[in-house]
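Thanks for coming. I have one structure to go through today, and I will keep it short. Please look at the sequence and the model first.

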Amino acid sequence: MTETVIKLENLTKRFGNFTAVDHINLDVCRGETIGLVGPNGAGKTTTIKMIAKILRPNEGKILIRTNHSGLVDLENVSSTVSQMGFLIDIPSFYNMTAYELLKYFAKIQKYPRDKIDSRIDELLSLFKLSEWKYEKVKNFSKGMTQKLGIIQAIIHDPDIIILDEPQTGLDPLARIEIRKYIRKLQSLGKTIFVASHMLYEISEVCDKIALINYGKIIGFDTVENLARILKTSILKAKVLNKIEANELGPIIERLSNRLKPYLDQELDPSISKVPVTYRPDKQALRFYYDGKINSQAEILSILIKEFDTDFTLTSFTQPKTSQLEMVYEEMVKDNLPEGNNTRKGGAK
Ligand SMILES: Nc1ncnc2c1ncn2[C@@H]1O[C@H](COP(=O)(O)OP(=O)(O)O)[C@@H](O)[C@H]1O
Ligand SMILES: [Mg+2]
């Protein structure tokens with residue numbers, strides 16, 4: 001079950017001299033659900049549009065495994081890749097009924113004509129849209145339109161399903177529904193590649209997450225590993241007055257030495273290279289510690305008693321953000337492009 005079905009090799013897309021997708025390498029294996037997660041503008045849609053052959057890469061290539069051969073360059077595969085189904089952008093479906101629309105897409109995808117009607121009924125029923133078969137799509141709610149978009153993507157029963165922000169514009173209940181349908185597709189053995197800017201939403205249904213920022217993949221691992229990496233416990237201490245840049249280095253060093261017995265000795269460098277950090281913008285010190293409640297008490301006591309001339313604490317907390325959100329934040333923060341790096345010296 002580790003056969004690669006999509007392989008991105010140094011995939012690069014430039015718009016003028018702006019690099020939207022920057023030498024991306026990624027393997028998607030059969031039956032896996034991979035999440036491509038990153039903030040708006042990270043390059044997710046551009047990546048997907050290249051896989052859909054809507055855009056041509058400037059560099060690198062996309063390899064796909066066709067039904068009858070090994071990995072081949074997508075360039076050399078006929079323009080409609082019937083093995084793949086796409087949901088890109090928010091669908092806008094004119095004045096057609098759900099039935100007319102799906103029939104139209106099934107024909108484009110050359111689905112066997114005599115099977116189209118039963119396929120449409122099967123999918124409308126699976127997605128609980130049967131009653132809306134002959135309704136005009138323009139009267140559908142956002143959630144229903146999005147579901148129809150997913151049906152459109154899989155109408156020809158592709159093995160690989162590629163969804164761009166399937167949860168966009170949906171309320172929380174509809175987002176739960178979409179996750180349910182993604183699981184349904186998984187249970188059918190489909191390979192799914194889904195782009196989203198909502199890490200938490202999507203992590204629940206993904207086997208692996210590729211974090212993308214400024215066009216670069218900055219992390220690719222299983223959800224469990226990403227979460228486990230961050231099992232590290234964190235304490236956040238806010239200070240009353242900004243710590244000046246020239247004082248920061250020595251303070252961090254003294255903190256690190258004095259608190260050493262309570263800090264995380266096996267801190268994963270992909271989370272943080274040092275166990276004590278300071279974010280000037282938030283006026284917050286962060287301690288990666290061993291997670292023990294006694295250590296919390298010791299750290300607090302030492303901060304108050306021994307660092308009272310260095311700073312005044314205004315709060316001392318364990319941040320509640322989900323662990324995975326935090327990995328994301330850390331990774332994104334460390335990957336600001338050159339010339340746009342607003343971090344003050346010593347922040348990390
Ligand atoms: N056709 C285009 N021309 C110029 N810039 C573009 C074009 N399409 C996307 N971009 C830029 O490329 C970057 C990545 O966009 P996109 O792939 O849509 O990001 P995402 O889907 O992750 O939000 C953005 O900065 C966007 O403005
Ligand atoms: Mg996008």
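Let me start with the ligand. Around ligand 1 we find Phe15, Ala20, Gly38, Asn40, Gly41, Ala42, Gly43, Lys44, Thr45 and Thr46. Sorted by class, that shell has three nonpolar, six polar and one charged residues. Helix α1, residues 44-51, supplies the largest share of the shell, with three residues.

Before going further: this is a predicted model. The chain has a mean pLDDT of 86, and 88% of its residues reach 70 or more. Over residues 339-348, though, the pLDDT is below 50, and this stretch has 16 contacts in the model beyond near neighbours in sequence. Where pLDDT is low, the predicted coordinates should not be read in detail.

The largest nonpolar core has 60 residues, and the ones touching the most other members are Ile6, Ile62, Ile161, Ile162, Phe193 and Ala210. Take Ile6: leaving out residues up to four places away in sequence, Ile6 touches Val28, Ile51, Ile62, Ile64, Ile160 and Phe193. There is also a second, separate core of 15 residues, with Leu235, Leu259, Tyr262 and Tyr288 among them.

Last, helix α2, residues 98-108. Which of its residues are buried? Ala98, Leu101, Leu102 and Ala106 are. Viewed down the axis of α2, the buried residues fall within an arc of 130°, so they line one face of the helix. The cover over those buried residues includes α3 (113-126) and α4 (142-154). After α2 comes Lys110, which has a positive phi, near 60°.

That is all I have.

Methods:
Residues numbered from 1 in each chain as written. Chains lettered and ligands numbered in written order. Predicted model: local features only at pLDDT ≥ 70, side-chain atom pairs only at ≥ 80, totals over all residues. Core = buried A, V, L, I, M, F, W, Y, C linked by C-beta atoms within 7 Å. Buried ≥ 20, exposed ≤ 12 C-beta atoms within 10 Å, placed from the backbone. Contact = placed C-beta atoms within 7 Å. pLDDT = per-residue confidence, 0-100. Near = placed C-beta within 6 Å. Helix = DSSP H or I, 4+ residues; strand = E, 2+ residues; numbered from the N terminus. Nonpolar A, V, L, I, M, F, W, Y, C, P; charged D, E, K, R; others polar. Arc of directions from axis to C-beta.
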